[in-house]
Amino acid sequence: GMSSLFSHGEEMAPFEDQVKLFVGNLSWSVTSEELSDYLSPVGEIASCEVMRNYNGQSKGFALVEFVDVEAAKEAIVQFNDVEMQGRRLIVRVDTPPEDRPPRGGRGRGRG
């Protein structure tokens, strides 16, 4: 039957089962606390961190981890392309680094 098609490739977590979200296009003034409060109606948040560069300036995006998959899915539905402090948020599954296209320049990674 058709189902055998989908039984392989188990080693990669399916996209839908991601609890970690990328939230982009944030206003520079948004803090981790504010974002966490803003997203919390859809479900319990395990961690929410607005990414900052070495001098503390917001990079305009955050990584948010929900406790369960349903909450994460709901957050994408509820908040993607919705305005927060005048900017339309980008909310999507945070893809693992190996799925990101290689960037030019030197990889001076995390601070």
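The following legends describe close-up views of a predicted model. Local features are limited to residues with pLDDT of at least 70 and side-chain atom pairs to pLDDT 80 or more, while totals for chains, interfaces and linings use all residues. Residues are numbered from 1 along each chain as its sequence is written, and side-chain values use heavy atoms, with hydrogens and water left out.

**View A. Phe 22 and Phe 61 form a stacked aromatic pair.** Rings of Phe, Tyr and Trp (its six-membered ring) pair if their centres lie within 6.5 Å; planes under 30 degrees apart count as stacked, over 60 as edge-to-face and the rest as tilted. By this rule the model has 2 aromatic pairs. Phe 22 belongs to strand S1 (residues 20–24) and Phe 61 to strand S3 (residues 58–66), 39 residues apart. Helices (H or I, at least four residues) and strands (E, at least two) are DSSP runs, numbered from the N terminus. Phe 22 is buried at 15% relative accessibility, whereas Phe 61 is partly exposed at 24%; buried means under 20% relative accessible area, exposed over 50%, and partly exposed in between (1.4 Å probe, protein chains only).

**View B. Tyr 38 and Phe 79 form a tilted aromatic pair.** The ring centres lie 5.2 Å apart, and the pair is tilted because the planes are at 45°. Tyr 38 lies in helix H1 (residues 32–39) and Phe 79 in helix H2 (residues 69–79), 41 residues apart. Tyr 38 is partly exposed, at 26%, and Phe 79 is buried, at 9%.

View C. A salt bridge is a side-chain nitrogen of Lys or Arg within 4 Å of a carboxyl oxygen of Asp or Glu. The structure holds 2 salt bridges. Glu 70 is exposed, with 52% relative accessibility, and Lys 73 is partly exposed, with 36%.

**View D. Arg 88 and Asp 81 meet in a salt bridge.** The N to O distance is 3.9 Å. Arg 88 is partly exposed at 45% relative accessibility, and Asp 81 is likewise partly exposed, at 46%.
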